[in-house]
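Subject: A structure for you to look at

Hi there,

Here is the structure I promised to send you.

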Number of protein chains: 2
Amino acid sequence: MELSERKKKLLAAIVERYIATGEPVGSKTLVESLDMAVSSATVRNEMAELSNMGLLEQPHTSAGRIPSELGYRYYVDRLMGQYELSPNEKRLMEAKLATSAGDVQKVLETAGSLLSEMTRCAAVSTTPADEAAVVRRVELVPIGTRTAMIVMLTSSGILKSRVCKTFGEITVDMAESFYNIVNANFIGKPAAAMHIAKIQTLAVSLGEKSLDMTPLLVALADVAAMTEHTELLLEGQSNLLSYKEYAGNAFELIEFLRHSELLGQIFSGYANSGKHAPQVLIGQENRFRELQNSSMIFDNYEIAGRESGTLGLIGPTRMDYARLIPSLRYLTEIVGKMLSDTVEE
Amino acid sequence: MELSERKKKLLAAIVERYIATGEPVGSKTLVESLDMAVSSATVRNEMAELSNMGLLEQPHTSAGRIPSELGYRYYVDRLMGQYELSPNEKRLMEAKLATSAGDVQKVLETAGSLLSEMTRCAAVSTTPADEAAVVRRVELVPIGTRTAMIVMLTSSGILKSRVCKTFGEITVDMAESFYNIVNANFIGKPAAAMHIAKIQTLAVSLGEKSLDMTPLLVALADVAAMTEHTELLLEGQSNLLSYKEYAGNAFELIEFLRHSELLGQIFSGYANSGKHAPQVLIGQENRFRELQNSSMIFDNYEIAGRESGTLGLIGPTRMDYARLIPSLRYLTEIVGKMLSDTVEE
DNA sequence: TGTTAGCACTCTAAGTGTATGAGTGCTAAC
DNA sequence: GTTAGCACTCATACACTTAGAGTGCTAACA
């Protein structure tokens with residue numbers, strides 16, 4: 001579908017104005033704001049044609065036009081200018097992220113809250129997924145006489161810990177057994193190897209030590225389970241409350257975000273696609289009913305050259321694509337760099 | 001203010017019915033639902049008197065009555081029956097909490113999400129405050145060649161960790177220096193001793209080792225700062241969205257909860273008061289404008305016989321006090337027990 | 001003296017009617 | 001291809017009406 005230059009200009013102006021104000025745009029205001037060399041009547045003709053093509057729609061006969069989903073799509077694909085982040089903004093983002101360096105989860109949390117602040121949208125991120133990930137390191141950190149913390153690091157950089165309590169005192173002997181078991185059975189293997197069934201057979205083989213060791217091993221399995229699945233981190237859902245398009249059904253959307261692992265499916269599906277460019281889903285292009293009045297933008301971050309996880313934004317269809325897409329793109333880029341640096345060694 | 005038995009019965013019925021339905025209660029429905037031996041005219045007379053006393057109010061002339069804040073207060077102080085938690089509910093709460101045993105923060109998070117689920121209110125909790133708390137233990141856990149995790153435990157049971165990256169490899173020598181510094185300067189002292197200024201003078205005294213050690217020491221100061229202040233944990237804010245009394249201004253309230261350390265003041269003020277019984281603040285009894293259409297219930301939990309922190313609920317004035325107060329009371333009790341057990345050793 | 005029936009009164013919510021104005025589509029002239 | 005002009009549509013605002021719920025008051029009753 002090829003449009004005349006003038007139609008393109010008008011469509012872009014309508015989309016941008018509607019994004020900015022949330023009010024339907026009429027022919028008169030449009031002519032004024034663009035100070036075009038034609039009259040409002042001409043613009044009306046053009047707008048009527050854009051409507052016929054399905055790029056604009058009218059809430060009611062005597063209202064101005066608003067972009068249809070197709071209109072947004074055309075705008076995003078062909079018309080939109082890309083907002084350039086200022087060096088200042090870039091520096092700020094990097095500085096904020098740097099405070100979390102070394103901790104994958106924290107980097108992603110920080111990225112999420114940065115995104116949600118910058119965009120007034122909800123931000124989503126997934127922790128790196130890597131089916132080939134293996135347990136790189138396990139540590140047993142004594143905390144008290146009967147309390148210890150188990151720390152696990154995977155080759156994909158995921159770090160998880162958990163506190164556990166034992167029945168009796170934790171002895172040097174126990175710690176030794178623990179490390180022996182871990183080294184012999186788990187280091188270099190996928191976290192899935194540490195399944196509760198495996199732990200049970202191990203416990204049996206320990207004989208009389210078994211009673212003391214069980215809480216440690218159970219906690220170990222627990223930590224392993226935590227590292228195993230990619231996690232979905234959410235930030236800034238409350239931003240959505242401030243949009244009038246969500247008045248009334250904000251609760252529904254926020255509950256959807258809060259519970260849904262379905263959202264994770266979209267993301268991990270995309271992460272595996274190997275694409276690397278921000279993907280935009282507008283309105284009904286979303287598979288889920290709860291998102292059909294919303295748009296999503298998401299993009300994969302790369303760890304050491306490999307698509308690993310996703311950062312995303314969720315907001316009203318009327319979101320500022322021209323600004324948000326470059327912001328997200330830049331952030332995924334530096335998140336990728338930071339995480340590569342973290343995981344690398 | 002002493003009321004006749006009949007007035008009490010009526011007031012309680014009005015409060016409870018209004019809590020249940022959210023609709024003003026009229027004389028006719030009231031007589032029916034109570035199947036009283038008097039007519040609606042008599043009830044009207046009584047209701048008029050209750051209005052005069054300021055215990056009831058009318059949204060408008062031809063509507064039924066709703067409780068005034070004074071009415072709720074009277075109900076809470078004198079009329080309310082206490083709902084008994086079933087053994088089943090108790091068992092469920094305990095079982096859920098038990099999964100977090102050993103980790104103060106996690107226990108409180110779990111308690112918060114339990115509370116918010118049970119009550120459809122927002123739940124707040126504060127981590128234990130203890131001016132006499134000292135650093136009990138610090139561990140340096142190697143994670144990679146240039147990455148380490150610093151773990152700190154205080155005598156009040158707060159456990160915090162942070163990952164940090166160093167410039168060069170972490171050597172056994174460095175670890176030794178680290179532990180020497182920690183043992184000599186910090187163990188047994190308040191976390192505040194680990195201030196960044198102190199860290200700096202230490203770094204200077206290290207001479208040439210200083211460059212390598214600095215990131216570790218900075219991270220140490222950082223972890224110390226984390227343990228130092230009581231934290232405010234929030235759960236279930238999104239529950240509030242489902243109440244019609246918040247339609248429209250839910251955003252304001254949720255933003256208030258999200259940002260406000262002011263809320264912490266109320267809590268810590270109460271925590272220091274030494275009281276131990278659920279405290280109820282109804283509507284305007286709250287100091288903050290954002291909470292004046294809401295009620296709060298909060299109660300201190302005791303660690304080893306000492307008031308240490310607070311659990312609280314925030315919801316619409318029209319909340320089910322008779323059910324929520326006992327629930328909160330019971331939860332603070334078992335949280336206290338669990339935390340005492342955690343901190344004790 | 002407390003209780004009750006009855007009735008006039010008040011006020012909201014919902015529905016109807018009307019004016020206003022923004023914005024359109026169409027047509028005829030440029 | 002562009003424009004001015006005009007009839008048309010529809011949301012919004014406002015005034016008005018009606019029905020119904022609930023009240024307060026009064027006079028009669030036990």
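This is a predicted model: local features need pLDDT of at least 70, side-chain atom pairs count only at pLDDT 80 or more; totals for chains, interfaces and linings use all residues.

Residues are numbered from 1 along each chain as its sequence is written, chains are lettered from A and ligands numbered from 1 in the order in which they are written, and side-chain values use heavy atoms, with hydrogens and water left out.

Let's start with chain A. It has 12 helices and 10 strands (DSSP runs, numbered from the N terminus: H or I of at least four residues for helices, E of at least two for strands). Its C-alpha trace spans about 90 × 40 × 30 Å along the principal axes. The radius of gyration is 26 Å, whereas a compact globule of 345 residues would have one near 20 Å (taken over C-alpha atoms; the globule rule is 2.2 Å times the number of residues to the power 0.38). Of the 345 residues in chain A, 53% are buried, meaning under 20% relative accessible area with a 1.4 Å probe, protein chains only.

Now for DNA strand C. Phosphate oxygens of DNA strand C are 2.5 Å from a side-chain N or O atom of A:Ser27 and 2.9 Å from one of A:Arg65. The element giving the most to the surface near DNA strand C is α3(B), with 4 residues.

DNA strand D also has 22 residues around it, and A:Arg6, A:Thr42, A:Thr61, B:Ser27 and B:Arg65 come nearest. For DNA strand D, a backbone N or O atom of A:Ser39 lies 3.0 Å from a phosphate oxygen. The side chain of A:Ser62 reaches a base instead: one of its N or O atoms is 3.0 Å from a base oxygen of DNA strand D. Here α3(A) supplies the largest share of the surface, 4 residues.

Happy exploring!

Terms used. A polar contact is a pair of N or O atoms within 3.5 Å; within protein, one must be able to donate a hydrogen and the other to accept it, and residues adjacent in sequence count only if both atoms are side-chain atoms. Buried means under 20% relative accessible area, exposed over 50%, partly exposed in between (1.4 Å probe, protein chains only). A residue is near a molecule or strand if one of its heavy atoms lies within 4 Å of it.
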